[in-house]
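Let's take a walk through a protein model together. Have a look at it first, and then we'll go through some of its parts.

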Amino acid sequence: MARNREGLVLLLDVGPAMHSILPDVEKACSMLLQKKLIYNKYDEVGVVVFGTEETGNELAREIGGYEHVTVLRNIRVVDEVAAEHVKQLPRGTVAGDFLDAVIVGMDMLIKSYGAMHKGKKRLCLITNAACPTKDPFEGTKDDQVSTIAMKMAAEGIKMESIIMRANLSDGVQEKIVEENDHLLNLFSSNAIAKTVSVESPLSLIGALKNRRVAPVTVFRGDLEINSTMKIKVWVYKKVAEERLPTLKMYSDKAPSTDKFAKHEVKIDYDYKVSAESTQVIAPEERIKGFRYGPQVIPISPDDIEALKFKTEKGMKLLGFTEASNILRHYYMKDVNIVVPDPSKEKYVLAVSALAREMKQTNKVAIVRCVWRNGLGNVVVGVLTPNVSERDDTHDSFYFNVLPFAEDVREFPFPSFNKLPSSWKPDDQQQAVADNFVKMLDIAPSATEEVLKPDLTPNPVLQRFYEYLELKSKSTDVALPQMDEAFKRVMEQDPELYSNNKSIMDAFRGSFEVKENPKLKKSSKRLLRDKPSGSDDEDNRMIAYNANKNKIDIVGDANPIQDFEAMISRRDNHDWAEKAITQMKNQIVKLVEDKSETALECVLALRKGCVLEQEPKQFNEFLNNLFKLCQERKLSHFLKHFTSKITLIPKSEAADSNVVDEDAGDFTVKQEPMLES
C-alpha cells in the first residue's frame with residue numbers, strides 16, 4: 001500500500017433481518033467508493049458479506065468454521081467496478097455472526113499488509129446487531145472480543161461499527177440486542193474502535209465517513225500564561241467547511257496523438273493604458289496603488305514589506321471573563337481544538353486543571369495568537385473549556401476567533417417593546433405559535449435527533465458525486481432527481497406535516513395577511529418632489545399619479561420634469577426605458593452645448609436608474625460620456641466626474657457590477673488572455 005493510503009474492508013450484514021434496509025446500505029457504500037475515486041483513488045478496498053447461505057473465505061478453507069461469511073472482493077485498489085459491485089449485494093438466507101465477519105476482515109488486512117501501515121488499516125461493520133453470535137470454543141464471548149480487540153490494537157487496525165436500528169421486526173429479542181451492543185462497546189474499550197447507531201438512510205450515509213483528513217497541527221508551541229509559565233500545546237482544526245473538489249480548466253487544443261500532453265490552460269494578463277492602445281506595460285513599470293480620497297497613493301514592494309506587522313509565533317493569555325460575555329455571534333471562521341502536548345504529563349495536568357476550573361466557574365480565556373513566525377495576521381480568540389468524560393481522552397479547549405471593532409456590523413433595530421399593543425401577538429396567537437414550534441421539534445426525547453451535524457451529509461456534495469459518476473459513463477447523461485433521503489435536509493418531513501396539518505392551519509389562520517386597499521392603486525415611490533439637482537435636503541419622496549402626468553417625451557424646455565413624469569408612468573412598462581433613452585440623448589446634446597443644465601440632468605438620470613434598478617444602463621452611458629468629454633476636450637464637464645458624478649455601485653443597486661471603491665473609476669479594465 002502506498003504511503004498515506006488506506007486499506008479498508010467493508011463488513012456488510014446481508015441476512016434476512018437486513019433485507020429491508022439493504023438498498024440504503026448499497027447506496028451508502030456506493031457513495032463511499034465514488035468519493036474515494038475522487039479524493040483517495042489509490043486507497044485499497046475489500047468487501048465481505050455475512051449471512052449468506054454459502055461460505056467463501058480463506059479462514060474457512062484453512063482451518064474450518066467461519067460459515068456464512070463470503071469475501072465478495074479481495075483487497076485491491078478502488079475502481080469503478082467496486083462502486084458498481086456494492087450496488088448489487090446478495091440477499092442472505094441465514095442469520096449472520098458479525099464476530100466471524102470481523103475476524104475474517106482482520107485476517108485479510110493482516111495477510112495483505114502485515115505489521116506495516118499501522119493506523120491506515122480499517123474495518124467498517126454495517127449491521128443491525130440483532131442476530132445471536134456463536135459461543136466460543138473456550139472462555140466467554142467477552143474474552144473472545146477482548147482477544148480480538150487486543151490483536152487489532154497490536155496490528156494498528158481501526159474499526160467502525162454502524163448499527164442500523166430502523167425497522168427492526170417485532171421478533172427481535174431484546175436480550176440479544178443488548179448483548180451485541182455490549183460486545184461492540186468492548187471493542188471501543190480495548191481497541192481503536194467507534195460504534196454509531198443510526199435510524200435513517202440519511203444518518204447512515206453521514207456515519208459512513210469517506211474522506212480521511214490527516215490530523216495536521218495548525219500550531220505547536222507555548223500557551224504562555226506569563227513570562228515564567230508556559231504550557232506546550234498542539235492546535236488542530238475541529239470544524240472546517242468541506243468544499244467541492246477543485247475543477248481544473250482543460251484544453252483540447254493539443255494533438256490527439258500526443259500521449260504526454262498535459263492539456264493545461266495558461267492565463268496571462270496584459271496591462272494597457274487604454275483598450276485602444278497596443279503597448280503593453282511591463283511589470284517593472286507597474287506599481288500597486290491604494291485609494292485615499294479622490295487620489296491613488298502608489299506603494300512600492302519595499303514599502304509594503306516594511307509595512308508588514310512583524311510577529312512572533314505564540315499563544316499568549318490575556319485574561320479571563322464570564323462565558324456569558326462572549327456572545328455566540330462573535331465566533332468567526334473555523335473552530336480549532338487546543339490539546340496539551342501528550343509527551344509530557346505535566347502539560348496534560350496543567351491544561352486539565354485550567355479547563356476544569358474554568359468549567360466550574362463558567363469562565364473563558366481570551367488569548368492572542370500568531371500561528372507561524374512572520375505571519376502578519378494576529379488574531380484574538382476565546383478558549384472554551386472542553387472537559388472530557390472519558391478516561392482515555394485528555395481535557396482540552398475549543399478555540400474561536402473573535403472580531404475586532406472593524407469586523408463587527410451594527411444594525412440598529414427598534415425594540416419590540418416600543419411597538420403598539422395592536423402589533424403584538426395576543427394570548428391565542430402566542431399559544432398557536434407555541435404549538436407550531438413544538439410540532440417541528442427535530443430533537444424529540446423519545447427518538448433519535450434528526451439532522452445531527454455529525455451524521456448529516458451535505459446534499460450539494462452528495463449530488464455532485466452522484467452526477468460525476470453518471471457523467472463518467474455517459475457525457476450526455478441528464479441531471480438525476482434529488483434523492484429522497486437528502487430531501488429531509490432541505491424540506492420539511494411530509495409525514496410530520498400531514499400528521500400536524502391542523503396545527504399548521506391554525507398558525508396560518510391566526511396570522512392572516514390581507515391586502516391593504518390604500519396601497520392597491522398606488523405606484524412605486526420614485527423621485528423626489530423637487531428637481532434632482534436641488535440642494536434642498538428637506539425634499540421628500542412622492543408617488544407620481546400617472547393620470548396627471550401624460551408626458552411622453554423629454555423635451556428641451558424642462559427635461560428634468562419631463563423625465564421624472566415619464567419614468568413614473570405605469571400605464572405601460574416601456575415608459576421607463578423610453579425616458580432613460582431620451583434623457584441620455586438630451587444630456588449629450590446639453591454637454592456639447594456647454595449648458596449648465598447638463599449636470600442636473602445627469603444627476604436626475606442617475607437617481608431614476610437607481611430607483612428603477614437599471615445600474616448597467618447608467619454606468620455604460622456614463623463611461624461613454626466620460627470618453628466623449630476626453631476626446632472632445634470638454635474640460636468644463638470633465639471636472640464633475642468623481643467629484644459630483646459617480647457610477648452606481650452594488651450598495652445602491654444589486655445588479656451593478658461596480659463595487660463601492662470603484663464608483664469613481666472611469667478607466668478601462670485589463671482583459672485576460674487565454675493560451676492553450
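A residue is called buried when its relative accessible area is under 20%, exposed when that value is over 50%, and partly exposed in between. Keep in mind that what you're looking at is a predicted model.

Now hop over to Y269, part of strand β9 (residues 266–269). This one has 48% relative accessibility, so Y269 counts as partly exposed.

Next, the inside. The largest nonpolar core is made of 36 residues, and F563, M583, I587, L605, L625 and F637 have the most contacts within it. Two or more core residues come from each of α16 (559–567), α17 (575–592), α18 (597–611) and α19 (615–631). Zoom in on I587: not counting residues up to four places away in sequence, I587 touches C601, V602, L605, F621 and L625.

So how confident is the predictor? The chain's mean pLDDT is 83, with 89% of residues at 70 or more. Among the elements, strand β16 (residues 396–401) has the highest mean, 96, while strand β17 (residues 672–675) has the lowest, 38. Residues 518–549 have pLDDT below 50, and the model gives this stretch 55 contacts beyond near neighbours in sequence.

Note on methods: Residues are numbered from 1 along each chain as its sequence is written. This is a predicted model: local features need pLDDT of at least 70, side-chain atom pairs count only at pLDDT 80 or more; totals for chains, interfaces and linings use all residues. Side-chain values use heavy atoms; hydrogens and water are left out. A nonpolar core is a set of buried Ala, Val, Leu, Ile, Met, Phe, Trp, Tyr and Cys residues joined through side-chain atoms within 4.5 Å. Buried means under 20% relative accessible area, exposed over 50%, partly exposed in between (1.4 Å probe, protein chains only). Helices (H or I, at least four residues) and strands (E, at least two) are DSSP runs, numbered from the N terminus. Contact means heavy atoms within 4.5 Å. pLDDT is the predictor's confidence in each residue, from 0 to 100.
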